[in-house]
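Dear colleague,

Please find the structure below, together with a short account of what was found in it.

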Amino acid sequence: MLRPCDMMAVCMARLIRDGETVFHGVSSHLPLVAVLLAKQTHAPQAVHLNIPGGVDPQRPTLEAFTSAGGTLLETAQAQFPLSEVFDLSMRGGLDVAFLSGVQFDNRGGVNASVIGDYRKPKVRLPGGAGSAVLIPTAKRAIIWRTKHDRRTFCETLDFLTARGNVSDIITPLCHFKMYAGELILHSIHPNVTIAEIAENTGFPIRYLAQTTTPPPTEEELAALRDIDPLDYRNLEFR
Amino acid sequence: MNKLMDLAAAMAQIPDGAMVGLGGNTLNRAPMAAVMALAYQGKQGLRLVKTAGGMDVDLLCFAGCVSSVDAGFISYETQYSLCQHYRSAVQAGKVQANEHACYTVISALRAASYGIPFMPVRGLVESDLVAANEYFAKVKDPFSGDILNAVRAIQPDVSIVHVHMADARGNAVIEGPQYDDILLSRASKTVILTAERIVGDGYFAASSRKADIPHFMVSAVVHAPRGAAPGACYGVHGVSDDELHSFLALADAEALTQWLTRRHVYA
């Protein structure tokens, strides 16, 4: 049985190219696992950057309560803390930033701030963390979201936290890609139908070709179990 | 000068309405003992500053101590989920959420540490945050004429930082991730330290590892072992699951007072 968290981690990992500088932040176990997976498989020279500032942590022990803890620094070779990762992005040196949010439109807009009015919100969300500066400055902002429904993927955002260089959005159902300024369906995860995606997406689904996301290979699944033996990549689904 | 004092005396130095920078990141090395003492003392109108806050911000909002929060992200991260007290305080209009990108908090603190009124930042190109918040503005590069966004300086009245080691004068070392705490110390008018361990006066002079925070920036030093609990302190302890759940289960302000009183007595 293919689990969404495994499909998402693998799909995110495959987007990392060898040699790229890649950052993830807090509440980010799935991207953390994806970066470690990419480095263990097709992208050994990718540069793993994170909030505690450990460059390329080697086989870090993952912690359930945080994706920004000390184990990412203690197993690293060099220090490069959050403030410097941001600086790197500002001067054009960050290739990939993994970010999330609560609402997304089909033009690459992200809302991680509020539902309702900014000053008197119906729901105050945690906030965009680095999104407002990283989405416009990183070469590619890759979004993951473990909820895929009509409130999440909607025509109009309640608030625009950031728009910019969103390149991909990965959900439990599919992989969207930005193409000519529009979010289009790139591939459908195994065992999902296009009708299911259309039903759960608040804007019209458009695609160039109907393709299926290649399922995780045995090698990728074995690497996932090795990197993340306590299954923190599944935390958002528990 | 010996700045050692107990936690209650150190927190009593912070007046209602103060702008308070908090060290650490989410559940990592936040100054929780100090935060609980602030709540216990019934502070009012605190203006909190942090890149990514968690239980510290949530608890102070629950206790009614807060008027505003300047931060990029407020959550316990995934396992312990959202800061419900922060959320409901903002939704009820009791607390003003000043949302930043984490980097604009850093840039605002840098401006304060450099002694300048604002800092230009890239990013924020298409974002409703710029129009929604008066601390963002457009600024013209006087050399090229290009237009950039700027963020106003943030100079906390005091920052509270939990450290691994400090001497009585206030020289301090943070082991493992320092997050934005060194910058916070430089940007703030003064610093209050809570420390896992107090070392003797000659310690840093004799050590090859010099202090990260020098004594002259610090106004109070508190010996507070487990001062980051129930959050984690790198190399000392992880999160205390039972205590986190006991806090998250508290129903109302009265239950919080009892919980704080129990903590205070045991401290």
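**Domains, core and helix packing**

In chain B, the centres of domain 1 and domain 2, taken over C-alpha atoms, are 30 Å apart. Domain 1 covers 7-100 + 154-266 and domain 2 covers 118-152; such bounds come from an automatic or database domain assignment.

This is a predicted model, in which local features need pLDDT of at least 70 and side-chain atom pairs count only at pLDDT 80 or more, while totals for chains, interfaces and linings use all residues. Residues are numbered from 1 along each chain as its sequence is written, and chains are lettered from A and ligands numbered from 1 in the order in which they are written.

The largest nonpolar core has 166 residues (buried Ala, Val, Leu, Ile, Met, Phe, Trp, Tyr and Cys joined through C-beta atoms within 7 Å; buried means 20 or more other C-beta atoms within 10 Å of the residue's own, with C-beta atoms placed from the backbone). Helix H2 (residues 32-40) of chain B supplies the largest share of this core, nine residues (helices are DSSP runs of H or I, at least four residues, numbered from the N terminus). Both domains of chain B give residues to the core, so it lies between them. Among the members that touch the most others is Leu193(B).

Helix H3 (residues 55-62) and helix H5 (residues 84-91), both of chain B, pack with axes 7 Å apart at an angle of about 50° (axes are lines fitted to C-alpha atoms over the stretch in contact, and angles run from 0 to 180 degrees between N-to-C directions).

Key. Buried ≥ 20, exposed ≤ 12 C-beta atoms within 10 Å, placed from the backbone. Helix = DSSP H or I, 4+ residues; strand = E, 2+ residues; numbered from the N terminus.
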